[in-house]
Amino acid sequence: MNPYILAILVLSLGLGTALTLTSSHWLLAWMGLEINTLAIIPLMAQYHHPRAVEATTKYFLTQATGAATLLFASTTNAWLTGQWEIQQMTHPVPTTMIIMALSLKIGLAPLHTWLPEVLQGLDLTTGLIMSTWQKLGPFALLLQMQSAHPTILIILGLTSTLVGGWGGLNQTQLRKILAYSSIAHLGWMILVLQFSPSLT
C-alpha cells in the first residue's frame, strides 16, 4: 500500500476516534464511528486474499447494522424526549437499543459471533488495530451512559465473560483464541464499569 494512503487511513482512524471521544451529541459520535469504520476497511482488504475480503465484508455488514441501529435509536430518543445529548438518555427503549448497537459494534456476547470469524481472516497487525483501537469509541460511549441500564450491562458482561472463556477452550487457531480472549476481557471491563466506576 502507498505510504501516503496508509498515513491518510491511520490519521482518519485517529480522527474518527477523537471525534467520538470528544462528542456529547449523538450525531457527532455516530459520524466518528463511521469515519473509523470507513478508515479500517481498506486496511483490512489490502491483501487480496479471499479470506481477507470475506472478513472485510462481514465486518462492514456488522458495523453498518450497529451504526444504523445507533442512528435510529438516537433519532428516536430525540423524537421522544427532545434530547440529542449522550448523557441525557432517559427513555428506556432507545437506551436499550443503543446499548445493544454498541455491544454489537465492540463484540460483546451474545452479539459476538462476527468477531472470531473476522479476526481469523485478517493479518495480525490489522487484527490488533481492530481488537484494540476500534473498540475505544463505542466503549467510551458506553462509559458515558453507564447509569442507563445497569441490569442489561451486567447481563452482557457476565455473558461475554462466560462465552469468551468457554469459547476459547476448544480453539486451535491463534486468531480465534485472541478473539475469544477479547470477548472475555470486554465482559470483565463492562462488569468493572458497573461495580466499580471509580476505576474508569
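Which helix gives the largest share of the lining of the largest pocket? Helix 9 does, with 7 residues. The legends below describe a predicted model, in which local features need pLDDT of at least 70 and side-chain atom pairs count only at pLDDT 80 or more, while totals for chains, interfaces and linings use all residues. Residues are numbered from 1 along each chain as its sequence is written, and side-chain values use heavy atoms, with hydrogens and water left out.

**View 1. The largest pocket and its lining.** The largest pocket has a volume of about 380 Å³. Of its 20 lining residues, Leu128, Ser131, Thr132, Lys135 and Ser182 are the closest to the centre. Two or more lining residues come from each of helix 6 (124-131), helix 7 (136-144) and helix 9 (174-195); helices are DSSP runs of H or I with at least four residues, strands are runs of E with at least two, and both are numbered from the N terminus. By class, the lining has 11 nonpolar, 6 polar and 3 charged residues. Here Ala, Val, Leu, Ile, Met, Phe, Trp, Tyr, Cys and Pro count as nonpolar, Asp, Glu, Lys and Arg as charged, and the others, Gly among them, as polar. The search uses a 1 Å grid over the protein atoms alone: a pocket is an open set of points with protein on both sides within 12 Å along at least five of seven lines, a cavity is a set where a 1.4 Å probe fits but cannot get out, and lining residues have an atom within 4 Å of a point. Points are joined across faces, edges and corners, and a volume is the space filled by probe spheres set on them.

**View 2. The largest cavity.** The whole structure contains 1 cavity of 30 Å³ or more, and the largest cavity holds about 70 Å³ of space. Its lining includes Leu33, Asn36 and Thr37, together with Tyr59, Gln63, Lys105, Trp114, Met130, Gln134, Lys135 and Pro138. Helix 2 (26-44) and helix 3 (50-81) each supply at least two lining residues, and helix 2 gives the most, with 3 residues. The classes are 5 nonpolar, 4 polar and 2 charged residues.

View 3. The axes of helix 7 and helix 9 come within 11 Å and cross at roughly 25°; axes are lines fitted to C-alpha atoms, for helices over the stretch in contact, and angles run from 0 to 180 degrees between N-to-C directions. Helix 7 and helix 9 are therefore roughly parallel, a term for angles under 35 degrees, with over 145 counting as roughly antiparallel, 65 to 115 as roughly perpendicular and the rest as oblique. The axes of helix 4 (residues 92-106) and helix 7 come within 9 Å and cross at roughly 150°. Helix 4 and helix 7 are therefore roughly antiparallel, and their crossing is left-handed.

View 4. Helix 4 packs with helix 8 (residues 150-169) at an angle of about 20°, the axes being 10 Å apart. These two helices are therefore roughly parallel, with a right-handed crossing. Pro110 lies in the loop between helix 4 and helix 5 (114-120). A cis peptide bond, with omega about 5°, joins Ala109 and Pro110.

View 5. In the model, residues 1-18 are 89% helix and 0% strand, with end C-alpha atoms 25 Å apart. Residues 151-170 are 95% helix and 0% strand, and their end C-alpha atoms lie 30 Å apart. For residues 177-196, the end C-alpha atoms lie 28 Å apart and the span is 95% helix and 0% strand.

Key. Left-handed = near helix turned anticlockwise from the far one by under 90°.
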